[in-house]
Amino acid sequence: MSTRGFTFIVLAGFAATAIAISIFVATVDPYWLWRDRVGWKFNAAIENKMRFVKSLQVLTRRPTTVLLGSSVVYRGLDPDDVARDDVYNLGLSSLRIREAEAYVRQLLRWATPREIVLGVDYFAFDAKHTTEPGFDPTLPSAEYTLKAGFTAFLSANALRDAWRLARRPVEDTDGTWHRNGFKLTRARTAEEVAQQLRMTEVFFRNTRIERAELAALERIIELTRASGVRLVLFIPPYHNSWLRTAATAKPALDFPAWADAVGALASSLADKGHE
């Protein structure tokens, strides 16, 4: 066999393998990018790769309104409650304000929504932890979009995630994901709430909430204003027990001062912030 013939066979084999993998991954759709309905219930990929998965979902949904924020948003705001079908919930676990800026930049470049509703969380302004695992700082770039598209269909990770879902369905004991990015979450028990407050206390002992982090929120306001996108800010409701727990850490910028600073920034918007 000639070298040219051998090379052709090898390349054809690689191409056939890539096509087979992409067809299998697309059929299972582990990242819920194109199917209206999926057969799986618990999806570890969405839970553990939320920043990656939702960065692609929001592009395939092409919403005119995007809800952005932490788990308070993705568990608390159901786009189905809005009288339109073009709203997507881009809530992400423990979203930091600098991460929020990157997602806004991505939205403005690739998704072009008309409105962004941003839930502004106190903990998101922690100067010691400005991003969470899974966040990619190249998010707004064309490089990221191309890389993410390849990862979603042709990577070993996509194949593993699809195989896991196709092989053995697992119940989601935490709730149910919806195609619009919302997670219908089961009610928490008193024991789980108490444990969450203990975790919150430990969390705030290792944070440094600082006024300097407000610069990212200022940039978000300027970016949306320059793009002609309506921005709505809101501070999620916090239970008194949570506020007392946060205060025990004696942060550099306490909650009342932080809320006042956010309110001052929100006052610069044509559409005022809502608390």
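This is a predicted model: local features need pLDDT of at least 70, side-chain atom pairs count only at pLDDT 80 or more; totals for chains, interfaces and linings use all residues.
1. The crossing of α8 with α10 is right-handed.

2. Now turn to a second pair, α5 (97-111) and α9 (residues 214-227). The axes of α5 and α9 come within 9 Å, with a crossing angle of roughly 15°. α5 and α9 are therefore also described as roughly parallel to each other. Here, though, the crossing is left-handed. On the α5 side the contact is made by I97, R98, A100, E101, V104, R105 and L108, and on the α9 side by A216, L217, R219, I220, L223, T224 and S227. By class, that gives eight nonpolar, two polar and four charged residues.

3. Next, have a look at the loops on either side of α5. S94 lies in the loop between β2 (87-91) and α5, and its phi is near 55°, a positive value in a residue other than glycine. T112 sits in the loop between α5 and β3 (115-119). T112 is not a glycine either, yet it has a positive phi of about 45°. Are these residues buried or exposed? S94 counts as partly exposed because its relative accessibility is 28%, while T112 is exposed, at 52%.

4. How many salt bridges does a search of the whole structure find? It finds 20, and three of them are worth a visit here. In one, the side chains of D126 and R96 meet, with 3.6 Å from N to O. D126 lies in the loop between β3 and α6 (142-154) and R96 in the loop between β2 and α5, so this pair ties together parts that are 30 residues apart in sequence. D126 is buried, at 0% relative accessibility, and R96 is buried too, at 3%.

5. Another salt bridge stays within a single helix. R164 pairs with D161, and their closest N and O atoms are 3.0 Å apart. Both residues lie in α7 (residues 156-167), three residues apart, which is about one turn of the helix.

6. Finally, find D172 and K183, a salt bridge whose closest N and O atoms are 3.3 Å apart. This pair links distant parts of the chain, 11 residues apart: D172 is in the loop between α7 and β4 (175-177), and K183 is in strand β5 (residues 183-185). D172 is buried, with a relative accessible area of 14%, and K183 is buried as well, at 1%. Which residues join them in a network? Salt bridges that share partners connect D172 and K183 with E47, R75, D174 and R188 in one network.

Conventions: Residues are numbered from 1 along each chain as its sequence is written. Side-chain values use heavy atoms; hydrogens and water are left out. Helices (H or I, at least four residues) and strands (E, at least two) are DSSP runs, numbered from the N terminus. Buried means under 20% relative accessible area, exposed over 50%, partly exposed in between (1.4 Å probe, protein chains only). Axes are lines fitted to C-alpha atoms, for helices over the stretch in contact, and angles run from 0 to 180 degrees between N-to-C directions. Angles under 35 degrees count as roughly parallel, over 145 as roughly antiparallel, 65 to 115 as roughly perpendicular and the rest as oblique. A crossing is left-handed if the near helix is turned anticlockwise from the far one by less than a right angle, and right-handed if clockwise. Contact means heavy atoms within 4.5 Å. Ala, Val, Leu, Ile, Met, Phe, Trp, Tyr, Cys and Pro count as nonpolar, Asp, Glu, Lys and Arg as charged, and the others, Gly among them, as polar. A salt bridge is a side-chain nitrogen of Lys or Arg within 4 Å of a carboxyl oxygen of Asp or Glu.
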